[in-house]
Amino acid sequence: MITDGIHAVCCDEALRVLQALAEIAPVCYALGNHESRWQETDLEKFAAYRREAEESGILFLDNTSTFLWRKGDCLRVTGLSLPRRFFSKRKRVTAAPQDIRDLVGKADSSHYQILLAHTPAFAKAYSQWGADLSLAGHYHGGVVRLPGLGGVISTGFRPFPRYDRGQYRLGTGELIVSAGLGSHTIPIRVNNPPELVILELRGGR
């Protein structure tokens, strides 16, 4: 939603999108690595951005959960805010289900459990934690996509990331990875158009 760039954080367009979305549906916002970095470098400005979004009805899920009801069915939505060490570009980092529990608590097996996770890197841990559906992005679709091979590079500069864009089955859960709407640092997209994912969940207790 926002880009923590070299000179400033760009958030005006994000606020306009959030305000428009809040007029038509409940909106849950989970933090990514740019929001985490922004909080550490300029908490006052981040707090002002968050406050303005919340005044429009946006619900920030910062290692917290909420319940959404629709026609008798209940969804539990959890927003995972991973510490910045999990986004390291210098070394490979792993995450276990216990890391997720330490941050957000246990999954809710009595309701359909959605996890807003930002990075797909730890998809197996999300499924093992108990997510029925994990939603992620972060890789920008692999920036450049090659036919038959998929995304070329992750935002952590790892070649051919496994979960770069699309739908994946993980045990009893699923992962949806969006290629996202924007770019940063090197604003390039090749065979990789911006994407806004719309999912239809069919109820059935």
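This is a predicted model: local features need pLDDT of at least 70, side-chain atom pairs count only at pLDDT 80 or more; totals for chains, interfaces and linings use all residues.
**Salt bridges**

Let's start with the charges. The count of salt bridges comes to seven. Three of them are set out here.

| Salt bridge | N to O distance |
|---|---|
| Arg50 and Asp62 | 3.9 Å |
| Arg145 and Asp164 | 3.0 Å |
| Arg165 and Glu195 | 3.5 Å |

The bridge between Arg50 and Asp62 links distant parts of the chain: Arg50 sits in helix 3, while Asp62 belongs to the loop between strand 4 (59-60) and strand 5 (65-70), twelve residues apart. Arg50 is partly exposed at 21% relative accessibility, and Asp62 is partly exposed at 28%. Glu54 joins these two residues, and Arg50, Glu54 and Asp62 form a network of salt bridges.

The side chains of Arg145 and Asp164 meet at 3.0 Å, N to O. This pair also links distant parts of the chain, with Arg145 in strand 9 and Asp164 in the loop between strand 10 and strand 11 (166-170), 19 residues apart.

Glu195 is partly exposed at 22% relative accessibility.

**A patch of negative charge**

On the surface, Asp12, Glu13, Glu52 and Glu55 gather in a patch of negative charge. Helix 1 (12-22) and helix 3 (43-55) each give two or more residues to the negative patch. Asp12 lies in helix 1 and is exposed, with a relative accessible area of 53%.

**Aromatic rings**

Across the whole structure there are seven aromatic pairs. In one of them, the ring centres of Phe46 and Tyr49 are 6.3 Å apart and the planes stand at 50°, so the pair is tilted. Both residues lie in helix 3, three residues apart, or about one turn of the helix. Phe46 and Tyr49 are both buried.

Another pair is Phe86 and Phe122: their ring centres are 5.7 Å apart with the planes at 80°, so this pair is edge-to-face. The pair links distant parts of the chain, with Phe86 in the loop between strand 6 (73-79) and helix 4 (97-104) and Phe122 in the loop between strand 7 (112-118) and helix 5 (123-129), 36 residues apart. Phe86 is buried at 6% relative accessibility, and Phe122 is buried with a relative accessible area of 6%.

Phe46 and Tyr49 also belong to a cluster, in which ring pairs link them with Tyr29, Trp38 and Phe60.

**Backbone spots to look at**

Most residues other than glycine have a negative phi. Asn191 is found in the segment after strand 12 (173-177) and is exposed at 56% relative accessible area.

Finally, Gly148 is in the loop between strand 9 (145-146) and strand 10 (150-151), where it is exposed with a relative accessible area of 84%.

Note on methods
Residues are numbered from 1 along each chain as its sequence is written. Side-chain values use heavy atoms; hydrogens and water are left out. Patches are made of residues with over 30% relative accessible area and no salt bridge: like charges are joined within 9 Å, nonpolar side chains (Val, Leu, Ile, Met, Phe, Trp, Tyr) within 5 Å. Accessible areas come from the Shrake-Rupley method with a 1.4 Å probe; for residues, only the protein chains shown count as cover. A salt bridge is a side-chain nitrogen of Lys or Arg within 4 Å of a carboxyl oxygen of Asp or Glu. Lys and Arg count as positive and Asp and Glu as negative; His and the chain ends are not counted. The place of a charge is taken as NZ of Lys, CZ of Arg, CG of Asp or CD of Glu. Helices (H or I, at least four residues) and strands (E, at least two) are DSSP runs, numbered from the N terminus. Buried means under 20% relative accessible area, exposed over 50%, partly exposed in between (1.4 Å probe, protein chains only). Rings of Phe, Tyr and Trp (its six-membered ring) pair if their centres lie within 6.5 Å; planes under 30 degrees apart count as stacked, over 60 as edge-to-face and the rest as tilted.
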